[in-house]
Amino acid sequence: VRGRVRARVRDGLVGGRQGGADAKVLEGAGGCGPTIGVLGTGIGLIDVLRQFSTVSSVAYGLGTAFVSTIYGLALANLILLPAAHRMRAGVAEAFQIQALIMEGTLCVFDRIHPALVRQRLSCFLLQQQPGVPTPACSPAPFDSLTQVITPVPPPHPHPLDDHPPWH
């Protein structure tokens, strides 16, 4: 049963990684934004050289050429790359929450003492706060989908429990 619980949660975690692929697409588009702006600048400068005889058309062409560069940089740095960063942060947070839920579910399933469950789950919360020292978490919090979480026996077995799971 434990394997089925782990497999179900793992499927949910892998499905949540689609947002990471979406963020990668936005980052790729953000990398192309300045390039498109520079191409616009090149085309604008070629147009300026075609109409080099009139001063007003030269000024207008230079303005258009440099505005295309600004548009490309603004598109990349103000829209696409920040959106990709927000998307990655959201995916990472969702993954962390799902890992926390999986750890808690498996601890309850393994009938681990509530104090030890609290200690394990508090490690997840402290990892999210920068600058806060992480206490000695034993065993370590859930790091990967393949990590096996061994049940830790509670300090005092429950009096109604004839056969605890760690024996």
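The following dialogue explains how to read several features of a predicted protein model.

Q: What kind of model is this, and how are its residues numbered?
A: This is a predicted model, in which local features need pLDDT of at least 70 and side-chain atom pairs count only at pLDDT 80 or more, while totals for chains, interfaces and linings use all residues. Residues are numbered from 1 along each chain as its sequence is written, and side-chain values use heavy atoms, with hydrogens and water left out.

Q: What is the mean pLDDT of the protein?
A: The term pLDDT denotes the predictor's confidence in each residue, from 0 to 100. The mean for this protein is 75, and 67% of its residues reach 70 or more.

Q: Over which residues does pLDDT stay under 50?
A: Where pLDDT is low, the predicted coordinates should not be read in detail. In this model pLDDT stays under 50 over residues 138-152. The model has 34 contacts beyond four places in sequence for that stretch, a contact being heavy atoms within 4.5 Å.

Q: How many helices and strands does the protein have?
A: Helices (H or I, at least four residues) and strands (E, at least two) are DSSP runs, numbered from the N terminus. The protein has 4 helices and 0 strands, and its pattern along the sequence is α-α-α-α.

Q: What share of the contacts joins residues 24 or more positions apart?
A: Among contacts with a separation of 6 or more, residues 24 or more positions apart account for 70%.

Q: What share of the residues counts as buried, and what is the accessible surface of the protein?
A: Buried means under 20% relative accessible area, exposed means over 50%, and partly exposed lies in between (1.4 Å probe, protein chains only). Of the 167 residues, 25% count as buried. Accessible areas come from the Shrake-Rupley method with a 1.4 Å probe, and for residues only the protein chains shown count as cover. The accessible surface of the protein comes to about 11,000 Å², of which 67% belongs to carbon and sulfur atoms.

Q: How many salt bridges are there?
A: A salt bridge is a side-chain nitrogen of Lys or Arg within 4 Å of a carboxyl oxygen of Asp or Glu. By this rule the protein has 2 salt bridges. One of them joins the side chains of glutamate 27 and arginine 88, at 3.0 Å from N to O. Glutamate 27 belongs to helix 2 and arginine 88 to helix 3 (residues 55-109), so this pair ties together parts that are 61 residues apart in sequence.

Q: Which residue forms a salt bridge with arginine 120?
A: The partner of arginine 120 is glutamate 103, and their closest N and O atoms are 3.3 Å apart. Because arginine 120 lies in helix 4 (residues 114-127) and glutamate 103 in helix 3, the pair ties together parts that are 17 residues apart in sequence.

Q: Which residues does cysteine 107 touch?
A: Leaving aside residues up to four places away in sequence, cysteine 107 touches Ile112, Val117 and Arg120. Cysteine 107 lies in helix 3 and is buried, with a relative accessible area of 0%. Its C-alpha atom is separated by 6.3 Å from that of valine 117, 10 residues apart along the chain.

Q: How many disulfides are counted?
A: A disulfide is a pair of cysteine sulfur atoms within 2.5 Å. By this rule the count is 0.

Q: Which residues make the nonpolar surface patch?
A: Patches are made of residues with over 30% relative accessible area and no salt bridge; like charges are joined within 9 Å, and nonpolar side chains (Val, Leu, Ile, Met, Phe, Trp, Tyr) within 5 Å. Here Leu45, Leu62 and Phe66 make a nonpolar patch of about 250 Å². Leucine 45 is in helix 2 (residues 18-50) and is partly exposed at 33%.

Q: What is phi of arginine 111?
A: Most residues other than glycine have a negative phi. Phi of arginine 111 is near 60 degrees, a positive value in a residue other than glycine. Arginine 111 lies in the loop between helix 3 and helix 4 and is partly exposed, with a relative accessible area of 48%.
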